[in-house]
Amino acid sequence: MTQSPNRLVATIFGAVYLLVGVLGLFVAGGSFVGQEGGLLLGVFQVNHLHNIAHLLIGAVLLAAGLRNTRAAKAANTTVGAVYLLLGIVGFFIVDTALNILALNTADHYLHLASAIVLLGVGLALDRDTTTARRAAV
């Protein structure tokens, strides 16, 4: 794992997002879906659906990071792209009924930061994995 930046990042981000999902369950409040939620770390707004999303994303990243470099690279790129989209769209839906994850501005910036790291590592590093796969075909 130490030889692959993608595996390392996927494993670390996966563990962190799992932890965030679990901690969020304690502060989410009564709303499962909707614009209202509790504050995690006093900054990030979460509801139960948002926490479930963190748990699923964390599990995907952690499993991919522990599996192999190709899986970690794919997971980092895919989750990074989803977070980039969510980070951008989040600014436009924050005060609408479409905000079913109880997103706030701090969430948007965190999602964008996660996207930059995940996409950067997923697209730029461990290129030999893709080359080796093409050569084998």
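The following dialogue reads several features of a predicted model.

Colleague: How many residues has helix α3, and how far does it reach?

Modeller: Helix α3 covers residues 69-93, a run of 25 residues. From its first C-alpha to its last it reaches 35 Å, close to the 36 Å expected at 1.5 Å a residue.

Colleague: Which residue reaches towards the backbone nitrogen of Arg70 at the start of α3?

Modeller: That residue is Asn68, with a side-chain oxygen within 3.2 Å of the backbone nitrogen of Arg70.

Colleague: Is Ala75 buried or exposed?

Modeller: Buried means under 20% relative accessible area. Ala75, in helix α3, counts as buried because its relative accessibility is 8%. Leaving aside neighbours within four places in sequence, Ala75 is in contact with Val60, Leu61, Ala64 and Gly80.

Colleague: What does His54 touch, and is His54 buried or exposed?

Modeller: His54 lies in helix α2, residues 48-67. With a relative accessible area of 6%, His54 is therefore buried. Not counting residues up to four places away in sequence, His54 touches Tyr17, Leu18, Val20, Gly21, Val46, Tyr83 and His111.

Colleague: Which residues make the nonpolar surface patch?

Modeller: An α-helix has 3.6 residues a turn, so residues three or four places apart point the same way. In this model, the patch is made by Leu19, Val22, Leu23, Leu25, Phe26 and Val27, with an area of about 550 Å². One of these, Leu25, belongs to helix α1, residues 5-27.

Definitions and conventions. Residues are numbered from 1 along each chain as its sequence is written. This is a predicted model: local features need pLDDT of at least 70, side-chain atom pairs count only at pLDDT 80 or more; totals for chains, interfaces and linings use all residues. Side-chain values use heavy atoms; hydrogens and water are left out. Patches are made of residues with over 30% relative accessible area and no salt bridge: like charges are joined within 9 Å, nonpolar side chains (Val, Leu, Ile, Met, Phe, Trp, Tyr) within 5 Å. Accessible areas come from the Shrake-Rupley method with a 1.4 Å probe; for residues, only the protein chains shown count as cover. A salt bridge is a side-chain nitrogen of Lys or Arg within 4 Å of a carboxyl oxygen of Asp or Glu. Helices (H or I, at least four residues) and strands (E, at least two) are DSSP runs, numbered from the N terminus. The expected span of a helix is 1.5 Å times one less than its number of residues. A polar contact is a pair of N or O atoms within 3.5 Å; within protein, one must be able to donate a hydrogen and the other to accept it, and residues adjacent in sequence count only if both atoms are side-chain atoms. Buried means under 20% relative accessible area, exposed over 50%, partly exposed in between (1.4 Å probe, protein chains only). Contact means heavy atoms within 4.5 Å.
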